[in-house]
Amino acid sequence: MSESSAEVVADVASAAVAVSAAGAAGGWRRATGIAGVAIGVVAAGAAAGVALERMTVGRGMRQKARLALDSAGPYGSLRGMPGKAFADDGTELYYEVDDLDEEAAPAAIGPRRRRLFGRKSPAPVTVVFSHGYCLSQDSWHFQRAALRGVVRTVHWDQRSHGRSGRGVAQTRDDEPVTIEQLGRDLKAVIDAAAPEGPLVLVGHSMGGMTVMALADQYPELIRERVVGVAFVGTSSGRLGEVNYGLPVAGVNAVRRVLPGVLKALGQRAELVEKGRRATADLFAGIIKRYSFASRDVDPAVARFAERMIESTPIDVVAEYYPAFNDHDKTEALVHLAELPVLVLAGVQDLVTPSEHSEAIADLLPDAELVLVPDAGHLVMLEHPEVVTDRLADLLTRTGAVPAGATVKGYGSTSTAQPG
């Protein structure tokens, strides 16, 4: 890291301290601009600041560019059959189902199923996608487009994210968010959206941790129904050791003050959100730094990621942050040892480093480990063709899709030979 980068790290740490002090003194309006730095950092899934490129285009031009990208990009526009599940604390969890196109399925499958199962066809395999921190179900846009009609899929929003309701336990009882709770939420979604039939579970970042928590608490579900798992850019624990690409002194300084700062900011959410909007340019640079590694990322894709992250309220950011330091689901991986598993990560992921994926794969010796060069944390948006290709292969291995099926759409691959 350059000297200028290190200086910015120090500035961010100082800014975090200043926000905390200003809040204690009641000077929240003076602290709002500084708060944008801390919020942007956490909203990007990181725990420290970064050096930003100089901005040479006027603010008005940048705002017009964002609006143009929002209107032109198709990302996040896919919708399915909506449904609602309810968590054990009453939180409303929103999901959507994309059903299998039976007419497109190979004809050879039908008679075989009827012979084995009698007149009633078995429930199809359902692929359940779980998204990461500060994102939504739309983060799987490319994979969803590619798999539509080929396999039954469920996409859901984690509590307090996307179209799901605010966590009842958090707003009513002031309980902290835990990864264990997210595992129970996933179980509620499965019970509502896919109550029978085989399952393939796919999770990115926090979504992968959610799958691990499900396995830890419901091993019988894994044993009886799950036929495959995909972990994308995630971790089974030891996230407190991640340095986010920063020097040790910088990250330690931020770690000391950030939890308290986030808690204070969450209590002044309305005021802080105003400051957050005012520092949109700063957010864009931070989000891009921690989401992508490629220099040639489609600006519309980068803006799409920015928009998802921006939509996560600061009090939700604050609620979730402590859960990651407590996360340790290494022992839960034993429940997946006999299953086909895909473990995929970007080599330059600064949020959940690829070493964490390698550690998961080491505990699952039959897992396929895929490390994607020139890829960051949002690898499924940055290199969708790689993620879709490996996911299609996993689905073929699990029997979720027949070997002759064609996976189409954005960043897609095909297992069928051209005719």
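The questions below concern a predicted model.

User: Why is S205 called buried?

Analyst: The cut-off for buried is under 20% relative accessible area. S205 has a relative accessibility of 6%, so the residue counts as buried.

User: Where is S205, and which residues is S205 in contact with, leaving aside its neighbours within four places in sequence?

Analyst: S205 sits in the loop between β5 and α8. With those neighbours left out, S205 is in contact with G132, V232, G233, T234, T352 and H377.

User: What makes L371 partly exposed rather than buried or exposed?

Analyst: Buried is under 20% and exposed is over 50%, with partly exposed in between. L371 has a relative accessible area of 32%, so L371 is partly exposed. L371 belongs to strand β8. Together with V347 and L369, L371 forms a nonpolar patch on the surface, with about 210 Å² of accessible area in total.

User: How do you know that β5 and β6 are paired?

Analyst: Pairing needs at least two bridges. Six bridges join β5 (residues 199-204) to β6 (residues 226-232), so the two strands count as paired. They run parallel, and V200 stands opposite G228 in β6.

User: Why are β1 and β8 called edge strands?

Analyst: The open sheet has eight strands in the order β1-β2-β4-β3-β5-β6-β7-β8, with mixed pairing. β1 (81-86) and β8 (368-372) each pair on one side only.

User: Which strands does helix α8 lie across?

Analyst: Helix α8 (residues 206-217) lies across β3, β4, β5 and β6, and runs at about 135° to β5.

Technical notes: Residues numbered from 1 in each chain as written. Predicted model: local features only at pLDDT ≥ 70, side-chain atom pairs only at ≥ 80, totals over all residues. Heavy atoms only, no water. Contact = heavy atoms within 4.5 Å. Axes fitted to C-alpha atoms, helices over the stretch in contact; angles between N-to-C directions. Buried < 20%, exposed > 50% of the residue type's maximum accessible area, 1.4 Å probe, protein only. Patch = residues over 30% accessible without salt bridge, like charges linked within 9 Å, V, L, I, M, F, W, Y side chains within 5 Å. Areas by Shrake-Rupley, 256 points an atom, 1.4 Å probe, with all protein chains shown as cover. Salt bridge = Lys/Arg side-chain N within 4 Å of Asp/Glu carboxyl O.
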